[in-house]
Amino acid sequence: MDNTAVQFTALLQAQEITLSPKQLEQFELYFSELVSWNEKMNLTGITEREQVYMKHFYDSLSLTFFMNMGEVNTLADIGSGAGFPGIPLKICFPHLKLTIVDSLSKRISFLQHVCDTLQLKNVQLIHGRAEDVARQFIHRDAYDLVTARAVARLSLLNEFCLPFTRKDGLFAAMKGNDSSEELTEAKRSFKELRAELQKVESFTLPIEESARHIVFIRKTGATPAKYPRKAGTPAKAPLI
């Protein structure tokens with residue numbers, strides 16, 4: 001292992017996550033494919049090895065430091081982009097049944113290639129808008145855990161993501177900036193979408209020590225029939 005892999009492994013072990021040789025190989029393959037495909041399409045502005053491992057892989061796994069992933073069977077990652085946090089979570093916790101929703105078909109093609117290359121099982125990749133997919137019976141109020149990483153403001157994310165979350169399930173919004181203002185702004189969306197704030201966890205990424213915040217939201221009831229609104233509407237008229 002090189003220094004980056006050694007450091008990555010040690011940081012995860014400090015959080016009681018032990019990677020097998022196979023899992024380390026999967027992360028290495030993921031890194032290689034990400035950099036290779038990024039030359040053909042815009043997946044990420046971060047391609048330097050240590051930065052990918054810290055800012056993408058470790059950051060994606062950070063939500064597991066604050067919850068028990070053994071209690072999660074189904075995971076939906078909304079607006080996953082290049083697969084964060086869904087794919088790193090799947091690598092570390094192979095039992096997860098992962099669904100990724102993204103609106104760009106090229107990204108879905110990349111993610112399919114990654115899943116094939118890494119031999120990941122029980123992964124469903126959906127090309128579509130969250131507002132449309134969440135209205136499908138099989139996905140509505142269905143998932144133990146729903147994630148979104150640095151996608152949009154919380155008042156908007158709630159309408160995208162909470163309709164996927166089952167009653168008593170969790171939506172984890174992974175943020176860079178302090179979420180206090182967004183939480184205040186999102187109060188109406190919590191009420192409308194039958195949810196409540198559970199907790200906010202804050203930490204700093206290793207090495208560069210940039211701030212991270214994870215907002216954990218618990219679903220308290222079934223999504224009202226009128227949500228999510230027609231595709232495009234939440235962005236134009238967020239619930240604030």
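Tutor: Two strands are said to pair if DSSP finds at least two bridges between them. Please keep in mind throughout that this is a predicted model.

Student: What makes β5 and β7 a pair of strands?

Tutor: Six bridges join β5 to β7, and the requirement is at least two, so the two strands pair.

Student: Why is β7 called mostly covered?

Tutor: Seven of the nine residues of β7 are buried, where buried stands for a relative accessible area under 20%.

Student: Which residues does the UniProt annotation "binding site" cover?

Tutor: According to the unreviewed UniProt entry, the annotation covers Gly79, Phe84, Ala130, Glu131 and Arg149. From this set, Gly79, Ala130 and Glu131 take part in the lining of the second largest pocket.

Student: Why is Phe84 called buried?

Tutor: Phe84 has 5% relative accessibility, and since the limit for buried is under 20%, Phe84 therefore counts as buried. Phe84 is found in the loop between β1 and α4. Setting aside residues up to four places away in sequence, Phe84 touches Tyr30, Leu34, His56, Phe57, Ser60, Asp77 and Arg149.

Student: What makes Arg149 buried?

Tutor: The relative accessible area of Arg149 is 17%, a value under the 20% limit, so Arg149 is classed as buried. Arg149 lies in strand β4, residues 143–149, and beyond four places in sequence its contacts are Lys55, His56, Asp59, Ser60, Phe84, Pro85 and Met174.

Student: How do you know that the side chain of Arg149 makes a polar contact with the backbone oxygen of Lys55?

Tutor: A polar atom of the Arg149 side chain lies 2.4 Å from the backbone oxygen of Lys55, and because the limit for such a pair is 3.5 Å, the distance falls within it.

Student: Why is Glu131 called buried?

Tutor: Glu131 has a relative accessible area of 3%, and this is under 20%, so the residue is buried. Glu131 has its place in helix α6, residues 130–133, and its side chain reaches the backbone nitrogen of Gly232 at 3.0 Å. Leaving out neighbours within four places in sequence, Glu131 is in contact with Phe160, Pro228, Arg229, Ala231, Gly232 and Pro234.

Student: What makes helix α7 mostly covered?

Tutor: Eight of the eight residues of α7, which spans 154–161, are buried, and they are Leu154, Ser155, Leu156, Leu157, Asn158, Glu159, Phe160 and Cys161. For Leu156 the relative accessible area is 15%, and as this is under 20%, the residue is therefore buried.

Student: How do you know that Leu156 and Pro234 are in contact?

Tutor: Leu156 is in contact with Pro234 and Ala235, neighbours within four places in sequence aside, and contact here requires heavy atoms within 4.5 Å. The C-alpha atoms of Leu156 and Pro234 are 6.2 Å apart in space, while the two residues are 78 apart in sequence.

Student: Why is Glu182 called buried?

Tutor: Glu182, in helix α8, has a relative accessible area of 11%, which is under 20%, so Glu182 is buried. Its contacts beyond four places in sequence are Ala152, Arg153, Leu154 and Lys175.

Methods:
Residues are numbered from 1 along each chain as its sequence is written. This is a predicted model: local features need pLDDT of at least 70, side-chain atom pairs count only at pLDDT 80 or more; totals for chains, interfaces and linings use all residues. Side-chain values use heavy atoms; hydrogens and water are left out. UniProt positions are given in the numbering used here, feature names are shortened, and annotations may be inferred rather than shown by experiment. On a 1 Å grid over the protein atoms alone, a cavity is a set of points where a 1.4 Å probe fits but cannot get out, and a pocket is an open set with protein on both sides within 12 Å along at least five of seven lines; lining residues have an atom within 4 Å of a point. Helices (H or I, at least four residues) and strands (E, at least two) are DSSP runs, numbered from the N terminus. Buried means under 20% relative accessible area, exposed over 50%, partly exposed in between (1.4 Å probe, protein chains only). A polar contact is a pair of N or O atoms within 3.5 Å; within protein, one must be able to donate a hydrogen and the other to accept it, and residues adjacent in sequence count only if both atoms are side-chain atoms.
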